[in-house]
Every structure is written in C-alpha cells, then in structure tokens.
Amino acid sequence: MTQFQIPITPAEYATGLSNGAAIKGTGSEIPIFYPATGQQVGTLIEDGPQDVDRAVAAARQAFNMSGWPELSVEKRVELLEACERIILENIDELARLECLATGLVMTQIKGFHLPRAAYNFRFFAQYISQACGERYDNTDGYMSTVKREPAGVVALIAPWNAPLALATMKIAAALAFGNCAVLKPSEQTPYSLIKLVSLLNELLPEGVLNLVNGRGAVTGAHLVGHAAIDRVSFTGGTVTGREVMAAAGRQLTPCTMELGGKSANIIFASADFDKALDSALLSIFSTNGQQCLAGSRILVEETIFDNFVDAFLARMSRLKVGDPMAVETEVGPIASKTHMERILSFVDHADQDGDELLGGGHRIEELGEGYFIKPTAVTAKSNASTVCQAEIFGPFASFLTFKTEEEAISMANDTEFGLVSYVWSDHLPTVMNVSEKMRSGIVWVNTPLTRELRAPFGGYKNSGVGREGGHSCEEFYTEEKTITIPKTPLTPFQFGMK
Ligand code: NDP
C-alpha cells in the first residue's frame, strides 16, 4: 500500500473569522479528510445561524462606519496589489492547505490555481484604476451623471473543486467595488480559504472580509437568505443553485449563479490532430476531472474517430495518477469518498445504456484508502446516454461521433447545460459557423481553458445566471445612481400659482 505524507495537521484552522478575529463557531464538528489517504486530518466547527448573524453584522458595521466604501481609488488599488503580494508570499502554505482538503495536484495548484488567485486581485486593481464615468447633457439644460456605488454586504459561496482560484474572483471583485463580504467555503475544503482570509485581514480594515464555516444546508442557507445581504455570488451545482436563488429571491437579493456544465469538445477532421488530442486530455483530466469547464463530451468527426480515440486511450493509460504532492503526478484523488462513489456509479449507467467502456471505470486499489479512480473513457451509444447528459464531474470522458457540421452542432447543444464549447478545426468557415451556433456562454476555438478576465464568464441554460469578469462584476457588485442637475437656474414651473 502506498503511503502519502499528510502535509500538516491544521488544528488552528478550525474556526471562522468575523470582524478580523478568529471566532469559534457554536455548531457541530465536521471531520475533514485528506483525499489521498482517506485519513481525517482535522475538524471544522460549524457556524450556526447566530454566528452567521454576527459575521453579517460585522460586515454591515464595516460598510457603514469604516470608510471602506468611500476609500479613494489610489488607496484601494494599493490594497488590492498588497493582497496579490501576500498570496504570492504565502504560496507554499496556501498550496499545502488547498491540496490537503481538495486532493488537487500540487504542480497544478502552484502552476495555475494560486497564480490565478493572486492575479484576480491585480486584475481588479487595474480595472478600477481605468474606470470611466457616464454623463448625459440634454438640450433642456440638464446634466445627468451616473454614479456607481458599492452594493453593500455580499455573500460569497464557493465550491470545493478549486476553492482559491474561484473564491478569489469573488473576493477581489467585491472588495474592488467597495463592498464588505461574508465568504462561506465548502465544508469539505475550508482550510486554504480560512488561511487566505486571515492573511487578507492583516491588510484590510476590520470587518470588511469575514468567513463562516459549515454545511451548505445550515450555514450557507442562513447566509444567502439573510435579510441584510445585498448580493449573493454563488458557484456550485445546478440543484443547489436553484435553492440558493429561491432563498435570495425571497429577499429580492440579486444573485449570480456559476453552475454546472456538460461541455462539448467538437473535433473536426480539419483540426490540428495533435493539438486537439493534447487539449482533449487536458480539458477532461486536469483538476482531477473536477471542473465545471471540463470538455466531458468529446464529439469527433467520423473519418478520424478511430484514430483519435486510439491515440486518446494510449495517452490516458500513461497518465500518472497518485500522490498529489509528487511532482510527476498528473491526476490526483477525487475530493471525497461520496463523490468517488458517485463517479463510479456512471459506469453502471453506461452499461445499462449500451455504451462501450474503453478504459478505466474502477478504483485504483493499489493506492490504498485514497479516493483514486482510473481515468475513464466510454464511447456513448448516443447523446441521450446518461454519461452524455449528466454532469459527472470527474476524470470520465464520453466519446460521440458525427458526420456533418449540423449534426455536431445539434448534438453539442442537446443538453440542459451551456457553459463552454470547444471547437477544433483549421477551416475558418467551420469555426465561424459552429461558434455562432453554440448555445454556451464561452466558445474556445483551437484552445482549451483560456479565460479572459475582462470578458464575461458564465453559462446559458442551467449553467448559470449572470456573468463574472470585468464589467460584469462591476455591474453586479454596484448600484447605479443617476444624479440630474440643471446647468442654469430653473425657470419657475408656476405650478399652483395660477
Ligand atoms: P454544491 O452546489 O454542492 O455546493 C456549492 C457551495 O454551496 C458549497 O459551499 C456548499 O456548501 C454550498 N451550499 C450547499 N447548499 C447550500 C444552500 N442551501 N445554501 C447556500 N449554500 C449552499 O457544489 P459543489 O461544491 O459540489 O461543486 C461542484 C459544482 O460546482 C459542480 O456542479 C460544478 O459544475 C459547479 N462549478 C461551477 C463553476 C462555474 O464557474 N460555473 C466552477 C466550479 C464548479 P457545502 O459544500 O459546505 O455543503
């Protein structure tokens, strides 16, 4: 049995942070497991409703009294840049904590997730330093200006698959536009975000950024339905998204929902074969296959289908699965035992639907008690197969074949989701036609997983509501106020003087 090193025992990371100080929750204890060994590495103390109330009150107090919303752009830019630096200075500890609870591969955490987390702060610092205003003059002698003001106290809900990279987009945007925030990490993966928030609190005024711990159904539900919350930014599954939106809707609280996906990766015979192959592997197996952007349905043109699938399987069988701390590892463990069992249950679905299992489909017993599964691929009988319709959220690829461009478009769009589409072809009319017709918020042409932070990010259909990214975040995290002033003295209206 392989033994993995447990990075640390983070007893000190058991508590939430409210008003800049560590506060021990009053709820029950939740065990935290290291996915690479299945061993318990710590305990989280849940924040109950009164703890959430306290964090929201701390944020409200900071919003009303600390001068944070009114801070000058220059000072805010300096602070956001300091947030970037403090993340980069603490990269080793943050990376260990991220790995500890998520099982994400350390080289990917340090090579992508943490640089992105730091960059999110730099990006919004640059964004606000370039902000423009709106002014309208009309022929009746009035001038109107539009002022953007911070929305207030915002609830930020993060999922477990990539806590640092995803939560920092929310935190950086909320702070850049002058809001105070209460963050709730997933109860499975709290450590890296607790550490991050405590680091940021060394820089920020008291109460500006708070964190509550606990289960979604307890801590999360109380937070998103709270009457004193002005915005809810949620990233997670579609089913939970519906509940969160319903709770926020009862308070008329605006939400953004970044939800699930079942993205089509369409590969035409006219594509650069090697680049399309390389990217197909990356888009389904990086982040241990647990990413909303995964190209999980691989649609390959009939004339290259057999060659493409053979080449994919050869590379898939050579993927290094194992200890997420080891530099050679490419795919780590699944984040929890329950999720591993859920992923494996799709092998039975595939069997029932008449799909063909091409490789993988089982737990890797030699790796001990960790939640490792062999990278898996199936050829689906049709796009109606469960493996083509359900978001599996794991290292599990489903192949389909098509004859014509229109067939590929129709299959790609035949899903409840609409987050991302990938299109591979060197034939310009093909990529133009297909990208125009994709019902998804993002279309990546001849490139995988390339996020432009200035552009809107979000999904069509059940993949989301609203967008994140430069101006989308500005709109979401601010209220617009129109101020109208006559430029010359008013002539009396004489109303009631006749
Ligand atoms: P969940 O929807 O289960 O949970 C997301 C977050 O919501 C967690 O912090 C969870 O807490 C919390 N939560 C659960 N129930 C409630 C509730 N009633 N009220 C408030 N908060 C609640 O998603 P997962 O954590 O399983 O994440 C995986 C999902 O996220 C996938 O579907 C994936 O596609 C999606 N995702 C979407 C992305 C996007 O940008 N579109 C990016 C990354 C992931 P807890 O875990 O403690 O219960």
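This is a predicted model: local features need pLDDT of at least 70, side-chain atom pairs count only at pLDDT 80 or more; totals for chains, interfaces and linings use all residues.
**Exercise 1. Locate the two domains and state how far apart their C-alpha centres lie.**

Step 1. Find the bounds. Domain 1 covers 13-258 + 468-482, and domain 2 covers 264-445.
Step 2. Read the distance. The C-alpha centres of the two domains lie 31 Å apart.

**Exercise 2. Describe the area buried between domain 1 and domain 2.**

Step 1. Take the total. It is about 1700 Å².
Step 2. Look at the atoms. Carbon and sulfur give 59% of this area.
Step 3. P35, V105 and W160 supply 26% of the area that domain 1 buries against domain 2, more than any other three residues.

**Exercise 3. Which kinds of contact does the rule count across the interface, salt bridges or polar contacts?**

Step 1. Check for salt bridges. The rule finds 0 between domain 1 and domain 2.
Step 2. Count polar contacts. There are 6 residue pairs, with both residues at pLDDT 80 or more.

**Exercise 4. Is Q290 buried or exposed?**

Step 1. Q290 sits in the loop between α9 (273-285) and β13 (297-301).
Step 2. Apply the cut-off. Buried means under 20% relative accessible area. Q290 has 1% relative accessibility, so it counts as buried.
Step 3. List its contacts beyond four places in sequence. They are W160, N161, P333, I334, A335, H339, F393 and G394.
Step 4. Link back to Exercise 2.

**Exercise 5. Is T253 buried or exposed?**

Step 1. T253 lies in the loop between α8 (238-250) and β11 (255-258).
Step 2. Use the cut-off again. T253 has 7% relative accessibility, so it counts as buried.
Step 3. List its contacts beyond four places in sequence. They are I229, D230, R231, V232 and A248.

**Exercise 6. Why is helix α6 described as largely enclosed?**

Step 1. Find the helix. α6 spans residues 191-200.
Step 2. Name its buried residues. They are Y191, S192, L193, I194, K195, L196, V197, L199 and L200.
Step 3. Conclude. 9 of the 10 residues are buried, so the rest of the structure largely encloses α6.

How values were computed:
Residues are numbered from 1 along each chain as its sequence is written. Side-chain values use heavy atoms; hydrogens and water are left out. Buried means under 20% relative accessible area, exposed over 50%, partly exposed in between (1.4 Å probe, protein chains only). Helices (H or I, at least four residues) and strands (E, at least two) are DSSP runs, numbered from the N terminus. Domain bounds come from an automatic or database domain assignment. Buried area is the accessible area (1.4 Å probe) that two parts lose on being put together, summed over both. A salt bridge is a side-chain nitrogen of Lys or Arg within 4 Å of a carboxyl oxygen of Asp or Glu. A polar contact is a pair of N or O atoms within 3.5 Å; within protein, one must be able to donate a hydrogen and the other to accept it, and residues adjacent in sequence count only if both atoms are side-chain atoms. Contact means heavy atoms within 4.5 Å.
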